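Hello,

Here is the structure I said I would pass on. Please look through it first; my notes on what was found follow below.

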Amino acid sequence: MKPTFKANPIQVQVPATSANLGPGFDSFGLAFGMYDRYVAQILDEPGLDIDVTGEGAEDVPRTDKNLLVKAMYKGFDFLGGKPKGVAVRALNVIPHGRRLGSSASAIVGGLSLARALVLTGSDKMSDEKLLQIATEMEGHPDNVAAALYGGATIAWLEGGVGRATPITVNHRINAVAFIPESAVATSSARKMLPDEVLYRDATANIARSALMVEALSNKPEFLYEATQDLIHQEFRKSAMPKSFALVQKLR
């Protein structure tokens, strides 16, 4: 049965995120106080009316190839069917291709808009189901989990399905984002990772991942030890040399 759509415009805001925190590759995510804002309204006439302003506006398609629109349509399909037409406005603040989760924001934003625009959307699409669909689109759950739940999150795949749980962030912790000048595609960065890692490096990362949970929640004094990584940062330094150099300098 085709869903009933709400007539009023819906607005959502979705935070920038950082993932792969220290040893938590494809697992730990953190949301920042930097938001992309999206507005959508159902139209009586067929078609897509989309406008984008802000970061990356000149490069973002104004068609159904737009990632925000793709996610919205994916959500509508899950909820029973697309409307005749939809108007979408996006104000982008998150830089694109700078490891701040711009794609995760668009995916979570589009799915959230679809859910909010359908009368029974919240009943049919839980946060858990939204995360699953977002993970399918993104390919990994860490950024989309933090974008959805905010704060810090631990995400994982269970039988290929995205799962996540929030972590309480200690009030003494503040985040500062150093944004690189050049963009790096996630797909390119992931291709630089090895198929295998040394046993000793894997066990060291496992121990530090466990420590990271305690450091984020209760004991920030352990953040220095908890954020040390041996399985992904070194391998990708040639793709982001200035960022890697800054990390080394700060440590």
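Predicted model: local features only at pLDDT ≥ 70, side-chain atom pairs only at ≥ 80, totals over all residues.

Residues are numbered from 1 along each chain as its sequence is written, and side-chain values use heavy atoms, with hydrogens and water left out.

Salt bridges

The side chain of R115 meets that of D127 in a salt bridge, 3.0 Å from N to O; the term stands for a side-chain nitrogen of Lys or Arg within 4 Å of a carboxyl oxygen of Asp or Glu. R115 belongs to helix α2 and D127 to helix α4, so the pair ties together parts that are twelve residues apart in sequence. Helices (H or I, at least four residues) and strands (E, at least two) are DSSP runs, numbered from the N terminus. D127 is partly exposed, with a relative accessible area of 30%.

The structure holds five salt bridges. Another of them joins R89 and D49 (3.1 Å, N to O). This pair links distant parts of the chain, with R89 in strand β4 (residues 85-92) and D49 in strand β3 (residues 47-54), 40 residues apart. R89 is partly exposed at 35%, and D49 is partly exposed at 34%. R163 and E158 also meet in a salt bridge (3.1 Å, N to O). R163 is partly exposed, at 35% relative accessible area, and E158 is partly exposed, at 45%.

Enclosed helices

Of the 16 residues of α2, 14 are buried, so this helix is largely enclosed by the rest of the structure. From its first C-alpha to its last, α2 reaches 22 Å, close to the 22 Å expected at 1.5 Å a residue (the expected span is 1.5 Å times one less than the number of residues).

Helix α5 (residues 142-149) is also largely enclosed by the rest of the structure, because seven of its eight residues are buried. Those buried residues pack against β1 (10-19), β2 (28-43), α2 (102-117), α4 (127-138), β5 (152-158) and β6 (161-167). Just after α5, G150 takes a positive phi of about 75°.

Loops and surface

S27 sits in the loop between β1 and β2 and is buried, with a relative accessible area of 17%. Not counting residues up to four places away in sequence, S27 touches D142, T153, I154 and A155, a contact being heavy atoms within 4.5 Å.

N170 lies in the loop between β6 and α6 and counts as buried at 10% relative accessibility. The side chain of N170 reaches the backbone nitrogen of R172 at 2.9 Å. A polar atom of that N170 side chain also lies 3.3 Å from the backbone oxygen of S217.

V176 is in the loop between β6 and α6 (186-191), and is exposed, with a relative accessible area of 63%.

Finally, K74 lies in helix α1 (residues 67-79) and is partly exposed at 39%. K74 and G110 are 36 residues apart in sequence and 8.4 Å apart in space, C-alpha to C-alpha.

Regards

Methods. Buried < 20%, exposed > 50% of the residue type's maximum accessible area, 1.4 Å probe, protein only. Polar contact = N/O pair within 3.5 Å; in protein donor to acceptor, adjacent residues only side chain to side chain.
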